[in-house]
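Please look at the sequence and the structure below. The text after them goes through some of the contacts and surface features.

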Amino acid sequence: MTIAPDRILVPAAGTPSPAAGLFLAQLDDQNRLLLQALADITPTELAWQPEPGTNTIGMLLAHLAIVEPFWISIAMQQPFDCKAVIGIGEDDDGLPIPAGGAPPANLADKDLAYYADLLARARAYHKHTAKPWTDAELDRKVERKRPDGSTMTCNVRWIEYHILEHLAGHFGQILLLRHLYKIAKSA
């Protein structure tokens, strides 16, 4: 019988707020599991679409890398320079993909190391910004002007939660795409 390894989650070191440190630790663990689940993926599979107008795994990985520092910039109420932070522009993930659309050309032939680097850059920015946060900082309210002109109010704690839930949701999509790819290739 194989016994599962211990599963101990502790806040990231060096964070004055255990809650902020726990968000960072949870995100790190989810990224570790995501990259582990993709360890054998090829550039062909990263770029595969079940049909035109659907996301690819590569698009979703690029999207995850873009969204994390985007929300951190909202928390800080600062302009977001995606290219400076992770090396690609805000729209370089191709999302939302138009009906019948193909993946963006800038993601063609990229391997997992490329996407892992984008994710690492995003997380480094997040950690650099969030490590000094206190519980009071997590409770700070921020406003975000939406593209439709409406205003959304949230606190920094919700932003950290949203980054985590966003990663988890797309992680599920990525696993589903891997499953569909294997079915399509065995048919």
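Predicted model: local features only at pLDDT ≥ 70, side-chain atom pairs only at ≥ 80, totals over all residues.

Residues are numbered from 1 along each chain as its sequence is written, and side-chain values use heavy atoms, with hydrogens and water left out.

The salt bridges come first. A salt bridge here is a side-chain nitrogen of Lys or Arg within 4 Å of a carboxyl oxygen of Asp or Glu. The whole structure contains 9 of them. One joins the side chains of Arg123 and Asp28, with an N to O distance of 2.9 Å. Helices (H or I, at least four residues) and strands (E, at least two) are DSSP runs, numbered from the N terminus.

How covered are these two side chains? The terms are set by relative accessible area with a 1.4 Å probe and protein chains only: buried means under 20%, exposed over 50%, and partly exposed in between. Arg123 has 5% relative accessibility and therefore counts as buried. Asp28, at 26%, is partly exposed.

Arg123 also meets Glu68 in a salt bridge, at 2.6 Å from N to O. Here too distant parts of the chain are linked: Arg123 belongs to helix H5 and Glu68 to helix H3, 55 residues apart. Glu68 is buried, because its relative accessible area is 4%. Asp28, Glu68, Arg123 and Lys127 are linked in a network of salt bridges.

Another salt bridge is formed by Arg178 and Asp40, whose closest N and O atoms are 2.9 Å apart. Arg178 lies in helix H7 and Asp40 in the loop between H1 and H2, so the pair ties together parts that are 138 residues apart in sequence. Arg178 is buried at 6% relative accessibility, whereas Asp40 is exposed at 55%.

Helix H7 has a further partner in helix H3 (residues 57-76). Their axes come within 10 Å and cross at roughly 180 degrees; axes are lines fitted to C-alpha atoms, for helices over the stretch in contact, and angles run from 0 to 180 degrees between N-to-C directions. H3 and H7 are therefore roughly antiparallel, a term for angles over 145 degrees. Their contact has 16 nonpolar, 5 polar and 3 charged residues. In this count Ala, Val, Leu, Ile, Met, Phe, Trp, Tyr, Cys and Pro are nonpolar, Asp, Glu, Lys and Arg are charged, and the others, Gly among them, are polar.

On the surface, Leu176, Leu180 and Ile183 form a nonpolar patch with about 250 Å² of accessible area together. A patch is made of residues with over 30% relative accessible area and no salt bridge, with nonpolar side chains (Val, Leu, Ile, Met, Phe, Trp, Tyr) joined within 5 Å and like charges within 9 Å. Ile183 is found in helix H7, which spans residues 156-186, and is partly exposed at 44% relative accessibility.

Two C-alpha distances complete the tour. Ile183 and Ala136 are 47 residues apart in sequence and 49 Å apart in space. Pro43 and Ile57 are 14 residues apart in sequence and 9.8 Å apart in space. Pro43 lies in helix H2 (residues 43-46) and is partly exposed, with a relative accessible area of 32%.

Technical notes: Areas by Shrake-Rupley, 256 points an atom, 1.4 Å probe, with all protein chains shown as cover. Parallel < 35°, antiparallel > 145°, perpendicular 65-115°, else oblique.
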